[in-house]
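Come along as I page through them.

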Amino acid sequence: MAPASELPFLDALASPSPAPGAGAASARLGAMAAALIEMGCGRAGPGSRAHALRETASELRAEFSRLCMEDIAVLREYFAHKSQESRAATCEIPLQIAELASRLPRLAREVQLVGNPKAAADLRTAVRFAESARAAAADLVRSNLPELHDSGLRAELSGRLAALD
């Protein structure tokens, strides 16, 4: 059974409501990847490379959590008003999720060099989660871009998306 704190999110994700959707799920997956990287650092003491990497992973986890909540809010806003501003945000937030997720595999590899050697499988899982979060969030951006009327913004977001491939 899922931890009690996860049940409301999973129940909401399973509901027929459009929010939360794949963007929030991608952010949660990124947060889980970052959490596994934190775990891989073990009990590193202040001043060590592993401790610095743990702090970085913790900051990324918090950012994924923030983006998860922001994605839910923006998606609700979009379906309530169908504005171009909210449609742009339904591209921007998943793009930020994809960009953050693209940073995690390298971080996991760094941790593998200085962290807990017994966490190797956890770090490999973190890489897989991060790659999946990046790919899923990028797919959302690709799906939403054609609905943007602002060709300049569409080109900017497309360029950022291309940089991830």
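These entries cover some helices first and then some salt bridges.

**Helices.** I began by noting that I am looking at a predicted model. I checked helix α2, residues 22–40, and found that its 19 residues reach 27 Å from first C-alpha to last, close to the 27 Å expected. Just after α2, I saw that Gly-42 has a positive phi of about 65°.

I then turned to helix α3, where 33 residues should span 48 Å at 1.5 Å a residue; the end C-alpha atoms are 47 Å apart, which agrees. Lys-82 follows α3, and I noted its positive phi, near 50°.

**A helix pair.** I looked up how α3 (residues 49–81) packs with α4 (residues 84–114): the angle is about 160° and the axes are 9 Å apart. Angles over 145 degrees count as roughly antiparallel, so α3 and α4 are roughly antiparallel to each other. Their crossing is left-handed. In their contact I found 19 nonpolar, four polar and nine charged residues.

**Salt bridges.** I got a count of eleven. In one of them, Arg-87 meets Glu-147 at 2.8 Å, N to O. Arg-87 lies in helix α4 and Glu-147 in the loop between α5 and α6, so the pair ties together parts 60 residues apart in sequence. Arg-87 counts as buried at 7% relative accessibility, while Glu-147 counts as partly exposed at 37%.

I also found Arg-160 bridged to Glu-99, with the closest N and O atoms 2.9 Å apart. This pair links helix α6, which holds Arg-160, with helix α4, which holds Glu-99, 61 residues apart.

Methods
Residues are numbered from 1 along each chain as its sequence is written. This is a predicted model: local features need pLDDT of at least 70, side-chain atom pairs count only at pLDDT 80 or more; totals for chains, interfaces and linings use all residues. Side-chain values use heavy atoms; hydrogens and water are left out. Axes are lines fitted to C-alpha atoms, for helices over the stretch in contact, and angles run from 0 to 180 degrees between N-to-C directions. Helices (H or I, at least four residues) and strands (E, at least two) are DSSP runs, numbered from the N terminus. Angles under 35 degrees count as roughly parallel, over 145 as roughly antiparallel, 65 to 115 as roughly perpendicular and the rest as oblique. A crossing is left-handed if the near helix is turned anticlockwise from the far one by less than a right angle, and right-handed if clockwise. Ala, Val, Leu, Ile, Met, Phe, Trp, Tyr, Cys and Pro count as nonpolar, Asp, Glu, Lys and Arg as charged, and the others, Gly among them, as polar. The expected span of a helix is 1.5 Å times one less than its number of residues. A salt bridge is a side-chain nitrogen of Lys or Arg within 4 Å of a carboxyl oxygen of Asp or Glu. Buried means under 20% relative accessible area, exposed over 50%, partly exposed in between (1.4 Å probe, protein chains only).
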